[in-house]
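Subject: Structure handover

Hello,

Please find the structure below, with the sequence alongside. My notes on what turned up follow after it.

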Amino acid sequence: MTPLKSKPRKGSRVRRAVVAGAVALTLSAGGATAWALDRFVVQHVEISDVAAYQASQTGTSQGTTAATTSDSSAVTTDTSYVSDSSNINISTVTTGSGDSTVTYYVADVVLDGATTLQSAFANNSFGENITETTSAIAEANNAVFAINGDYYGFRDTGIVIRNGVVFRDDGARQGLAFYRDGTVKVYDETATTAEQLLADGVWNTLSFGPSLLDNGEVADGIEDVEVDTNFGNHSIQGEQPRTAVGIIDENHLVFVVVDGRSPGYSAGVTMTALAEIMQGLGATTAYNLDGGGSSTMYFIGELVNNPLGENKERGTSDILYIAQ
């Protein structure tokens, strides 16, 4: 006699469905967590020794792409540095009052040649999610002055040329190109290639943006530009800490770091307000770099600004710097 099979009760089916759904949700969440860790946390090193790679690409010895030794004739103060290759002056500006107070730092820089402005990567490595503080990268490269770069390592797109060497060629946005002759231009990455830019004399590129000034006038639509369209634009909207570079003349640059998210000390600025700051400093071309907790200025072994009002730096993937 075949034993009778008991009919599952409705409650049992519901409980099993709930358990199955919970397992599926957990697996889904686990997959998302693994993806997020891989995308934003896990290091993906493409070049483990950038100095050696640059030397191999340029046919020079390591560390000879530009001057890297201290200039013993340099004259320094707490806010200035004058050498045969660069003249740097740092100033602090505070505007507004109360919770509307804004504090920013300006570095007026005159160089003897365009290649005096160099770039360096965190841990001397190229890839994604490789980070060090601006100060640590600066110290490793004997820098007298540095600011955070474009945080190229957050994304896998853009054109990345640094110190005359191509590292990435995947045009995606509005970039900034520093040429060996001292000119600096905003350009459309999708309309050219890294090799063409190199052939045209480009020394460094930055891939973030947007461009802040067009022929000295505040650029249209800068509050709506999306730097990373796959993740939205939230990180660059509203009043935020900012980093920008402006061009006054050939080999005459101005760098600005605006602190923010610190009511009473510095609220941060909008993109338009940043453009107006650069315009007021005499720049005709200006470009927005990575901001937020990354916004950092370094000068003669010290952190100049006060990131997020906590006097603590966040790691970044790259810097622009001037060596001693």
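**A residue in a loop, and its patch**

Val-41 sits in the loop that runs between helix H1 (10-40) and strand E1 (44-47). Please keep in mind throughout that this is a predicted model.

Is Val-41 buried or exposed? Its relative accessible area is 53%, and residues over 50% count as exposed, so Val-41 is exposed. Val-41 also belongs to a nonpolar patch on the surface, together with Trp-35, Leu-37, Phe-40 and Val-42. The accessible area of these residues together is about 460 Å².

**The chain as a whole**

The chain has 324 residues, and 47% of them are buried. Its secondary structure consists of five helices and 21 strands. The chain exposes about 15000 Å², with 50% of that supplied by carbon and sulfur atoms. If you take the contacts with a separation of 6 or more, 70% of them are between residues 24 or more positions apart.

**Salt bridges**

How many salt bridges does the structure hold? There are two.

One of them is between Arg-162 and Asp-150, where the closest N and O atoms are 3.0 Å apart. Arg-162 is in strand E9 (residues 158-162), while Asp-150 is in the loop between strand E8 (143-148) and E9, so this pair ties together parts that are twelve residues apart in sequence. Arg-162 counts as buried because its relative accessibility is 1%, and the cut-off for buried is under 20%. Asp-150 is buried too, with a relative accessible area of 1%.

Arg-162 also forms a salt bridge with Asp-318, and here the closest N and O atoms are 3.0 Å apart. This pair links distant parts of the chain: Arg-162 is in strand E9 and Asp-318 in strand E21 (residues 318-323), 156 residues apart. Asp-318 has a relative accessible area of 0%, so it is buried. Through shared partners, the salt bridges join Asp-150, Arg-162 and Asp-318 into one network.

**Aromatic rings**

A search of the whole structure gives ten aromatic pairs. Among them is the pair of Phe-145 and Phe-255, whose ring centres are 5.4 Å apart. The planes of these two rings are at 50 degrees to each other, and the pair is classed as tilted. Which parts of the chain does the pair tie together? Phe-145 lies in strand E8 and Phe-255 in strand E17 (residues 252-258), so the parts tied together are 110 residues apart in sequence. Phe-145 counts as buried, at 1% relative accessibility. Phe-255 counts as buried as well, at 0% relative accessibility.

Ring pairs also link several residues into a cluster: Tyr-53, Phe-121, Phe-126, Tyr-152 and Phe-167.

One more item concerns a charge and a ring. Lys-185 lies over the face of Tyr-179, at 5.1 Å from the ring centre.

**Where to start looking**

After that, turn to Phe-145 and Phe-255 for the tilted pair, and then to Val-41 for the surface patch.

Regards

Technical notes: Residues numbered from 1 in each chain as written. Predicted model: local features only at pLDDT ≥ 70, side-chain atom pairs only at ≥ 80, totals over all residues. Heavy atoms only, no water. Salt bridge = Lys/Arg side-chain N within 4 Å of Asp/Glu carboxyl O. Helix = DSSP H or I, 4+ residues; strand = E, 2+ residues; numbered from the N terminus. Buried < 20%, exposed > 50% of the residue type's maximum accessible area, 1.4 Å probe, protein only. Patch = residues over 30% accessible without salt bridge, like charges linked within 9 Å, V, L, I, M, F, W, Y side chains within 5 Å. Areas by Shrake-Rupley, 256 points an atom, 1.4 Å probe, with all protein chains shown as cover. Phe/Tyr/Trp six-rings, centres within 6.5 Å; stacked < 30°, edge-to-face > 60°. Lys NZ or Arg CZ within 6 Å of the ring centre and 35° of its normal. Contact = heavy atoms within 4.5 Å.
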